[in-house]
Amino acid sequence: MTVTNLLQDTPFDTFRPGQEEVISAILSGRDTLAVLPTGSGKTLCYQLPAGIMPGLTIVVSPLVSLMDDQVTQLKMNGFQRVAALHGNKPPAEKKRIWQKLHLLKLLYVSPEMLAVEKIRSQFKKINVPLLVVDEAHCISQWGHEFRPDYQNLGRFRKELGEPVLLALTATASERVRSDIMSSLNLQNPVIEAHSVNRENIFLAIETQHDPQSRQQRLMELVTSAAKPCIIYTGTRRDAEVWSSLYKGASAYYHGGMHAEDRNSIQGQFLYNEIDVLFATSAFGMGINKPDVRSVIHGYMPPSIEQYVQEIGRAGRDGERAIAYAVLAESDFVLPWHFVEMEIPGQKWLQEELLPASETPGKLEELIEGAPFAEHTTSLLRSHLIKAKAKGSERKRIERLMTHFEQRRRERSQQIQKMTDFVHAPSCFRKQVLAYFEEEPFAADKWCCSNCHPVPKLSSALVKLESTVGWQALLKQKLHVGAEQNET
DNA sequence: CGAGCGCATTCTAAAATGCGCTCGGTGCTTTAGT
């Protein structure tokens with residue numbers, strides 16, 4: 001039986017690029033790292049094997065909303081033996097899932113769920129042939145500081161008896177790939193990687209001296225930009241203020257809002273009731289809106305990876321789009337502040353933490369009052385207070401110091417590379433590809449502001465309707481019936 | 001680091017200036033049940 005025959009029981013006729021390779025690798029028992037662009041049907045890569053392999057496939061997913069979306073999509077496609085287990089579920093439903101665990105083929109969970117001892121022990125009792133880590137770049141992007149449970153997935157896998165592992169993501173530099181592989185303990189995995197290059201997105205970057213002129217320029221750009229348009233901001237306040245300053249209809253979106261409001265705004269943007277959205281980096285993961293024509297950055301992302309992820313939300317339909325960044329001097333400072341807030345420096349470690357560890361009770365007091373982000377405080381707490389029973393204190397502090405030093409170095413390098421990137425006079429596309437260690441490529445006319453004059457944002461749409469539009473339309477017609485649900 | 005806020009100061013007033021303080025991004029979880 002060939003892998004293609006497996007499509008018989010699905011709504012699909014053919015595989016998209018990469019899917020067949022990934023599925024074959026999994027079915028032959030190989031660990032797989034799949035770096036596939038959004039829109040390439042990543043869900044099928046584990047849905048098919050999960051249906052075939054005996055037992056329960058566990059999918060680790062970063063967001064509750066993402067889990068629920070996937071479950072809804074799969075059920076709509078006729079795949080019923082699937083559920084999501086998370087804290088927003090009413091207790092009665094959670095209980096039902098536990099009782100029917102043996103009837104399920106796919107179960108979505110968060111990494112935090114897997115950190116709960118009682119939950120892990122339940123999973124250890126059943127047969128788990130395949131463990132999937134969706135949006136696997138989170139291991140590297142969030143796992144070190146923000147969501148440390150991402151670092152424990154490797155241990156969880158070992159506890160389950162080393163099931164086959166599939167790591168899925170849309171963007172992963174060499175650094176992120178090796179981070180994923182070492183964290184999940186992937187031995188000699190099959191790597192199915194496709195280019196991060198998005199030929200249809202024009203890259204433009206400019207720097208204004210002061211925040212006022214940036215704000216003014218940003219407003220001009222948003223006004224003339226082809227819609228729908230996402231404007232990424234560095235702070236929640238900027239998202240709110242700029243949204244109120246913008247003359248047309250717009251909305252804002254950030255992590256400090258109530259879930260209902262976030263859902264409602266997201267829905268309105270998805271269904272074109274709002275075509276201008278000012279958002280922090282909270283917006284985007286798992287959002288599949290094909291026709292976003294412009295992504296405008298009013299802040300500098302802390303890494304090239306994050307920049308690529310955010311601009312990648314434009315032009316998913318393959319038609320032309322523009323990614324525009326308008327930066328101000330102050331933007332180059334903000335990411336350094338987040339490093340300061342999350343990773344204790346040598347000075348604090350040497351002059352505060354080390355002396356405090358000599359006096360009983362002083363350590364707790366120092367950690368609770370430390371000037372760091374909440375998740376950093378809890379990391380210090382769990383490493384130095386809760387873990388007190390084992391090992392010498394001095395040794396544990398020294399290990400932490402080495403760890404923090406390395407993390408500061410890594411984060412600093414990412415920020416520095418991003419800063420160098422926006423200032424460089426050479427082709428932005430070539431720079432991005434070089435960062436991802438891909439072959440150099442410069443698009444003919446639709447490339448970047450260092451290669452060509454920036455086209456008028458609104459012209460993107462016009463051009464598409466007259467020239468590229470009919471081709472896309474034809475392609476769509478020819479593929480009717482073969483379309484897969486994007487996940 | 002630096003933007004933005006409240007507050008005090010400042011030539012009897014009013015608006016402007018300056019000081020010190022605060023804040024700045026991403027999300028998950030606390031199984032159930034007599």
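Predicted model: local features only at pLDDT ≥ 70, side-chain atom pairs only at ≥ 80, totals over all residues.
Reader: Where is T419 found?

Author: T419 belongs to helix α17, which covers residues 393-423.

Reader: Is T419 buried or exposed there?

Author: T419 has a relative accessible area of 12%. Because buried means under 20%, T419 counts as buried.

Reader: And what does T419 touch?

Author: Setting aside residues up to four places away in sequence, T419 touches M300 and F332.

Reader: Let us turn to the largest nonpolar core. Which residues touch the most other members?

Author: Those are F283 and F421, in a core of 63 residues. Helix α17 gives the most to this core, namely 8 residues.

Reader: What does F421 touch?

Author: Not counting residues up to four places away in sequence, F421 touches I205, I304, Y307, F428, Q431 and V432.

Reader: Which residues does the second core include?

Author: The second core is separate and has 36 residues, among them L101, L160, A167 and V176.

Reader: Could you say more about A167? Which strand is it in?

Author: A167 sits in strand β6, residues 164-169. A167 is also buried, at 0% relative accessibility.

Reader: Which residues is A167 in contact with?

Author: Beyond its neighbours within four places in sequence, A167 is in contact with T32, L33, A34, V133, A136, I180 and L184.

Reader: How far apart are A167 and T72 in space?

Author: Their C-alpha atoms are 22 Å apart, and the two residues are 95 residues apart in sequence.

Terms used
Residues numbered from 1 in each chain as written. Chains lettered and ligands numbered in written order. Heavy atoms only, no water. Helix = DSSP H or I, 4+ residues; strand = E, 2+ residues; numbered from the N terminus. Buried < 20%, exposed > 50% of the residue type's maximum accessible area, 1.4 Å probe, protein only. Contact = heavy atoms within 4.5 Å. Core = buried A, V, L, I, M, F, W, Y, C linked by side-chain atoms within 4.5 Å.
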